Amino acid sequence: MIENNGFLMFRPDEAESFLAEHMPKRKIRLVQLHHTWSPAYKHFDGRNHFTRQASMRESHLARGFSDIAQHFTVFPDGLIVTGRSLEKDPAGIVGANSGAICIENFGNFDTGWDVMTTEQSEAIETLTAALCKVFGLNPETAITYHAWWTAKGQALGDYHPAKSAKTCPGTAFFGGNTRDAFLKNLLPRIKDAMQTKEENEVRYKYYDDMPDWAKPTIAKLVRKGYLVGKGDGVLDLTEDMIRVWATLDNAGLYGE
């Protein structure tokens, strides 16, 4: 995990471990799914995760919110950035914020606009599944779209163009923003992702265990305080993690 400007960025396969380490005391009963609409894909350059998240926080504070509205933002490359503390209700859907976790999915997923990447769709499935699994939620009843609520907080149970507060999370979000589209397209994927699977990935417990090509990046992240281990020198990183970080480092995201 990488820290910057008060936010943490992690991979989808780290979601369960993140939640296990940051369990809130409040009772979680809902998972909200949104799209940012603006910013959209054209505002993402593959390196500006933290800049975009900080900009959203500033925008939300200017609107009178106490903090950034969402708990997580899922970016087009599949990386996830934290937002509001999990101890606090989100400012996502009037009438559905109490006991909720809010996920903003970066992009405009109304028909004719951004086409969701495979990396982002898989991250959304993984993060949502992890939330349902960790908090013991039934995904069929716990997941809700902003489009299923009126602006005044009345539950509609489905998207109604004349009544819904917004089209969010988008009229093309996993095949549509209707209840039927959710049940047919996204729900089965989340249920599959909730199934326990054996991990067959390569992991590196200590810095000295890592391949030489990864060491400069890992040393830099530790030195800058972006990467925090588990104590006693234990990092426990997957090869996928360090490959992503090395790529971002080569792109100049982490500076000198």
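This is a predicted model: local features need pLDDT of at least 70, side-chain atom pairs count only at pLDDT 80 or more; totals for chains, interfaces and linings use all residues.
1. The secondary structure of the chain amounts to seven helices and nine strands. Along the principal axes, its C-alpha trace extends over about 60 × 40 × 35 Å.

2. The radius of gyration is 18 Å, which agrees with the value near 18 Å that a compact globule of 256 residues would have. Of these 256 residues, 52% are buried. Among contacts between residues at least 6 apart in sequence, 69% join residues at least 24 apart.

3. Helix H3 (residues 118-134) packs against helix H5 (residues 179-194) at an angle of about 65°, and their axes lie 8 Å apart. The crossing of the two helices is right-handed. H3 contributes Glu125, Thr128, Ala129, Cys132 and Lys133 to the contact, while H5 contributes Leu186, Arg189, Ile190, Ala193 and Met194.

4. Helix H7 (residues 239-250) has twelve residues; at 1.5 Å a residue it should span 16 Å, and its end C-alpha atoms are 16 Å apart, so the two values agree. After H7 comes Gly252, which has a positive phi, near 90°.

5. The buried residues of H7 are Glu239, Met241, Ile242, Trp245, Ala246, Leu248 and Asp249. Their cover includes strands E1 (2-4), E2 (7-10), E8 (203-204) and E9 (237-238), together with helix H6 (215-223).

Notes: Residues are numbered from 1 along each chain as its sequence is written. Side-chain values use heavy atoms; hydrogens and water are left out. Helices (H or I, at least four residues) and strands (E, at least two) are DSSP runs, numbered from the N terminus. The expected span of a helix is 1.5 Å times one less than its number of residues. Buried means under 20% relative accessible area, exposed over 50%, partly exposed in between (1.4 Å probe, protein chains only). Contact means heavy atoms within 4.5 Å. Axes are lines fitted to C-alpha atoms, for helices over the stretch in contact, and angles run from 0 to 180 degrees between N-to-C directions. A crossing is left-handed if the near helix is turned anticlockwise from the far one by less than a right angle, and right-handed if clockwise. The radius of gyration is taken over C-alpha atoms; the globule rule is 2.2 Å times the number of residues to the power 0.38.
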